[in-house]
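Me: Could you walk me through this structure, one feature at a time? I'd like the general idea first and then the case here.

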Amino acid sequence: MAAPITSIKRTEFTPEEQQRLKMQELQSLITEQQESLNKIIEITAELDNAGVLDALSAMVKAKDQLAGIAVTQASREPMTNLINNVMNATGLLTTLDSEVTANLKDSVSKGIEEAELYKGNGDKVSVLQVMTALNDPHINRAVKYGLDFLKGMGKGLNT
């Protein structure tokens, strides 16, 4: 029977040997990933030719100044208004039923298509034509929807 192992000798590499081993590992990785590395080099060359790398370098060097400009621009009243409006519009859209908004979107699209068909005729519309048009079920439905919308909006403005 073999004698039991009582001690393990650890082989210590000199710094030069460690560097040589790391270089061998790196060379094998480069060999394995040659195609990918070639693509990366091509991409960086194109970015450099287009001046993108110079712009990125300048931006990184001026990062504190750019951050200051961004904060200054973001805190201006038009930008804060935009942010508040986007947040309010997002809040509005989250409260609406998606089927209602989809139906409204389709209806508006169809209305624009129909309006484009007759936009160039230049005819004036008389009051009698408007009254007669209310007999059309499509027009009547749209006018009723608009009136109901205005009624609901008025109720909301009253609070």
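Me: What does the protein chain average in pLDDT?

Reply: pLDDT is the predictor's confidence in each residue, from 0 to 100. Where pLDDT is low, the predicted coordinates should not be read in detail. Here the protein chain averages 89, and 98% of the residues score at least 70. Helices (H or I, at least four residues) are DSSP runs, numbered from the N terminus.

Me: At what angle do α2 and α3 pack?

Reply: Axes are lines fitted to C-alpha atoms, for helices over the stretch in contact, and angles run from 0 to 180 degrees between N-to-C directions. Helix α2 (residues 34-49) packs on helix α3 (residues 52-61) at about 80 degrees, their axes 5 Å apart. That makes the two roughly perpendicular, the word for 65 to 115 degrees.

Me: Which residues of α2 and α3 meet?

Reply: Contact means heavy atoms within 4.5 Å. From α2 come T44, L47 and D48, and from α3 come V52, L53 and D54. By class, that contact has three nonpolar, one polar and two charged residues. Ala, Val, Leu, Ile, Met, Phe, Trp, Tyr, Cys and Pro count as nonpolar, Asp, Glu, Lys and Arg as charged, and the others, Gly among them, as polar.

Me: What volume does the largest pocket have?

Reply: On a 1 Å grid over the protein atoms alone, a pocket is an open set of points where a 1.4 Å probe fits, with protein on both sides within 12 Å along at least five of seven lines; lining residues have an atom within 4 Å of a point. Grid points are joined across faces, edges and corners, and a volume is the space filled by probe spheres set on the points. For the largest pocket, that's about 990 Å³. Of its 24 lining residues, G111, E114, H138, I139 and A142 lie nearest the centre. α6 gives the most to this lining, with nine residues.

Me: And which residues line the second largest pocket?

Reply: They're L92, L96, V100, T101, L104, Y145 and F149. Six are nonpolar, one is polar and none is charged. The volume of this second largest pocket is about 250 Å³.

Technical notes
Residues are numbered from 1 along each chain as its sequence is written. This is a predicted model: local features need pLDDT of at least 70, side-chain atom pairs count only at pLDDT 80 or more; totals for chains, interfaces and linings use all residues. Side-chain values use heavy atoms; hydrogens and water are left out. Angles under 35 degrees count as roughly parallel, over 145 as roughly antiparallel, 65 to 115 as roughly perpendicular and the rest as oblique.
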